[in-house]
Amino acid sequence: MTTATLSESAKPTEISSLKQRKIDDLIQVDRAALSKFTRIPNLNFVIVVEDVQDWQPRSENEQVITATDYLGKDALFATTGITIINLCRSYKYLSIGYYCSLLAEARSQQVIPSIKSINDLSHKSIYSLDMNEFDYVLNESFSKHKNMPMPAEFAMDIFFGKTDFTPLAKVAQHLFNLYPVPLLRVEFEHKDNWKIRAVKIQPITSLYAYQEEHFAATFKAFHAKAWHMGNANKKHHYHIAILHDPDESLPPSNTVALEKFVQIGRELDIDVTLIEKKHYSHIAEYDALLIRETTAINHHTYRFAKKAESEGLVVIDDPVSILRCTNKIYLADLMRINQIPTPRTYVLQENDISRIDQLESEIGYPMVMKIPDGAFSTGVSKVSNRNEFETTAQELLNHSSLILVQEYLYTEFDWRIGVLNKKPIFASKYYMSTGHWQVAKRDAEGKAEFGMSRAVALDQVPPHLLDQAVKAANLIGDSLYGVDMKMTERGPVVIEVNDNPNIDQGIEDGVLGDELYRLILLEIIRRLRAQHAENKTEKQAAEF
């Protein structure tokens, strides 16, 4: 099936009397309720490409570097306060382009496209949540051009929010405001009405020769404005859904803990309902979402979080926390830049594997090797010599273009510090599995055997360890986190920050008991009330 692409030569004469109120209203709603742009002057722009031939600087103000240099261990471009324009050839999950955006955010840099935009646009089930508004605007726009011959299907390219098809110029800008991506291709189709069929991120290499100068011109205009991402909050309600999977082998909350949430909710005069994956279409019926199922990016848990956020719900775990916590590469760079103590950590690309002499001399064997998005000790290996290192590295690189290598630090147990809204709420000790170097020991079939665990009163936690745990969690956000730590000879070190920490009856609640569940539910209620108060104030201001 052939898809036509509209260009300037195909557009009709514009009708100057177009009533743009509804489109303008939609743009205004976008600024108030969705991710938006805020002007910041004098930002330095760095353009990242996979091959220097992919982009030739058009002015002396453009600095172009390769993705290899940007991701390199020297981190020459780890300076905060700059904007990264990621023009890599692919943004696929765990690709080089994906990591450029991920680590830019870890370095507190503005980046286009953001990791949120990349992930949202990789799943139609996510971005389609925002498309209903566009369908109305599309038909409103085309109703003013009834005599314009149009194919039943066509595609429109958007460069930094600009298109050469003028009737849809404001639609293009709105899409860019929602998904700040250098190159977007939007596919439309007409049956009974016009609809957006797909929104796709395009790589720089997809440009035709005749498009390159137009793209350069739109980038120049964007560069002059120097926009950056901001955030917005939403609305108010009072019923809480807990997403869980009754068949999950290692859930973050056991059955008794889930029952505790329901029971304590009843005492607080709120409705707490357990929901499953099959209830996705009903999420808007609730006021808040608490995720008690192991999260991942390419997974329905992220889609639930994203949908709930788009519907105005309070969400724990929120989509940004899931994005940040589920990738160990991001966490490693974030901790390093903010001087949080961690095991000595190295991020390797494929071409680094044959040159590890310095690595061996600095940390020696054994070493710990990890894939970026493993959970419950999956994708984590200990290697004792170069042969094991090379074999394991090649296996891990089949799953990710970057891998993590850390010094091996053995302790009798790991600390887990629970943090909610930037404050510690519980502490636990997780002991190593018997005869093993990790908390979880897996057999050939992948079944896990865990060491003992017990809760510890917060006043019994080493103060410096507690302080570092809270600092690490606060770099992620203000949601619910579990910070894994070790107390070593050189002091506390952060292993990782988890967005979906275990809250199990009999373990994490061993000190606080029911109060732990009450703390979490009360925080959700506080956020709901804060949303309500904010929206009420905004409404009163608008009426005034």
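Guide: A disulfide here is a pair of cysteine sulfur atoms within 2.5 Å, and please keep in mind throughout that this is a predicted model.

Visitor: What makes C100 buried or exposed?

Guide: Buried means under 20% relative accessible area, and C100, at 0%, therefore counts as buried. C325 has a relative accessible area of 8% and is buried by that rule too.

Visitor: How do you know whether D269 is buried or exposed?

Guide: The label exposed needs a value over 50%, and D269 has 71% relative accessibility, so D269 counts as exposed. This residue is found in the loop between α9 (255-267) and β12 (271-275). From D269 to Y238 the C-alpha distance is 9.9 Å, although 31 residues separate them in sequence.

Visitor: Which residues have the most contacts inside the largest nonpolar core?

Guide: That core has 96 residues, and those with the most contacts inside it are V48, L168, F188, L289, I417, V483 and V497. Helix α3 (residues 96-106) supplies the largest share of this core, namely 8 residues. Apart from this core lies another, of 25 residues, with I240, F261, L420 and I525 among them.

Visitor: Which residues does L168 touch?

Guide: Leaving aside residues up to four places away in sequence, L168 touches L138, S141, F142, F154, M156, T163 and F188, where a contact requires heavy atoms within 4.5 Å.

Visitor: What makes β15 and β17 edge strands?

Guide: They belong to an open sheet of 4 strands in the order β15-β18-β16-β17, with antiparallel pairing. Both β15 (345-348) and β17 (380-383) have a single partner strand, so one side of each is left without a neighbour in the sheet. Neighbouring strands of this sheet are turned by 25° against each other on average, direction ignored.

Visitor: How do you know that β15 and β18 are paired?

Guide: Pairing asks for at least two bridges between the strands, and β15 and β18 (residues 403-407) have 4 bridges in the antiparallel sense, so they meet the criterion. Within this pair, V347 stands opposite L404 in β18. Helix α14 (residues 386-397) packs on the sheet, touching β15, β16, β17 and β18, and its direction makes about 15° with that of β16. Helix α12 (residues 328-337) lies across β15, β16 (367-370) and β18, running at about 50° to β18.

Visitor: What is the strand order in the open sheet with parallel pairing?

Guide: The order of its 4 strands is β12-β11-β13-β14, and β12 and β14 (314-316) are the edge strands, each pairing on one side only. On average, neighbouring strands of this sheet are turned by 20° against each other, direction ignored.

Terms used. Residues numbered from 1 in each chain as written. Predicted model: local features only at pLDDT ≥ 70, side-chain atom pairs only at ≥ 80, totals over all residues. Heavy atoms only, no water. Core = buried A, V, L, I, M, F, W, Y, C linked by side-chain atoms within 4.5 Å. Buried < 20%, exposed > 50% of the residue type's maximum accessible area, 1.4 Å probe, protein only. Helix = DSSP H or I, 4+ residues; strand = E, 2+ residues; numbered from the N terminus. Axes fitted to C-alpha atoms, helices over the stretch in contact; angles between N-to-C directions.
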